[in-house]
Amino acid sequence: MAASVLGSACGPLRLAVAGMGRRRPPRGLWARARRLPGLAGSGRSVAAASGSGAWGTDRYCLELLRKRDYEGYLCSLLLPAESRSSAFALRAFNVELAQVKDSVSEKTIGLMRMEFWKKTVDDIYCDSPPQQPVALELWKAVKRHNLTKRWLMKIIDEREKNLDDKAYRNIQELENYAENTQSSLLYLTLEILGVRDLHADHAASHIGKAQGIVTCLRATPYHGSRRRVFLPMDICMLHGVSQEDFLRKNQDKNVRDVIYDIASQAHLHLKHARSFHKSVPVKAFPAFLQTRIRSRASAGSHSLSCRH
């Protein structure tokens, strides 16, 4: 998705958080992950790998995640066994919300789907989830780990506001979106791991914002193919870049400057996250694995600055 103008004009941005993402997984961890269902080289489906023809709700979530959020799927496989199914449920919930925007032809239909998930979360906390695979698995996760309802509702509310299909007016709007979606997802992942720690939450806040910003950059070629541009307008205006420049895959210096400035903001959040690495409990590190796997993005501050 990022292999077009942004990918060619800019180098890789490594989302490694010192003391967290940079710590290599224990020896043999990746090898064990490859033996888990869904990572076999044969490409068999999860159901086939398990030898069962009928999927349960847990396998439905796993397969949804494998197809729609492969990076999140890989990271969830590397979580402790007792947290894995809940992480699959949480990320499957996020996928369900994320794909609403691109799967509906009218905003009204999207709003109806968001309303369904709002009611679903309310019902989950009343112990009466609907008979929907992701909802049932999320209910189990909530019961098992006492997940905070507020974070789930923030994700829904922010995704609902994002149905408007408008570019972010400034970088702060993009950061707010990332905080309420990506950071909220990390807060819940920490709870699944049994971590309720202020320093871990602060790190998660900054990492979530960095991930949200980079995701926006990576998605620009995809959005451009649908004649949409969501990059912050204030930074585009600062460098005299129009939406049409991105739609035409313009690679001029001012376009690269826009990408550089946006990527630099993500880098700044990572620097803030690094400042907590000595205070964050080791038990929290698996929640931040995705900052390591998502190592190639559509913008790179160091490599790009060398071009100027």
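Modeller: Before we start, a word on angles: they run from 0 to 180 degrees between the N-to-C directions of axes fitted to C-alpha atoms. Keep in mind, too, that this is a predicted model.

Colleague: Thanks! What makes you call α6 and α11 roughly antiparallel?

Modeller: The axes of α6 (residues 81–98) and α11 (residues 171–192) come within 10 Å and cross at roughly 165 degrees. Angles over 145 degrees count as roughly antiparallel, and therefore this pair is roughly antiparallel. The crossing of α6 and α11 is right-handed.

Colleague: Which residues make the contact?

Modeller: From α6 come S83, S86, A87, L90, R91 and N94, and from α11 come L185, L188, T189 and I192. Sorted by class, the contact has 5 nonpolar, 4 polar and 1 charged residues.

Colleague: How do you know that the span of α4 agrees with its number of residues?

Modeller: Helix α4 (residues 57–68) has 12 residues, which at 1.5 Å a residue should span 16 Å, and its end C-alpha atoms are 16 Å apart, so the two agree. Within α4, C61, L62, E63, L64 and L65 are buried.

Colleague: What makes the phi of D127 worth a look?

Modeller: Most residues other than glycine have a negative phi. D127, in the loop between α8 and α9, has a positive phi of about 60 degrees. K249, in the loop between α15 and α16, has a positive phi near 60 degrees and is not a glycine either.

How values were computed: Residues numbered from 1 in each chain as written. Predicted model: local features only at pLDDT ≥ 70, side-chain atom pairs only at ≥ 80, totals over all residues. Heavy atoms only, no water. Helix = DSSP H or I, 4+ residues; strand = E, 2+ residues; numbered from the N terminus. Parallel < 35°, antiparallel > 145°, perpendicular 65-115°, else oblique. Left-handed = near helix turned anticlockwise from the far one by under 90°. Contact = heavy atoms within 4.5 Å. Nonpolar A, V, L, I, M, F, W, Y, C, P; charged D, E, K, R; others polar. Expected span 1.5 Å × (residues − 1). Buried < 20%, exposed > 50% of the residue type's maximum accessible area, 1.4 Å probe, protein only.
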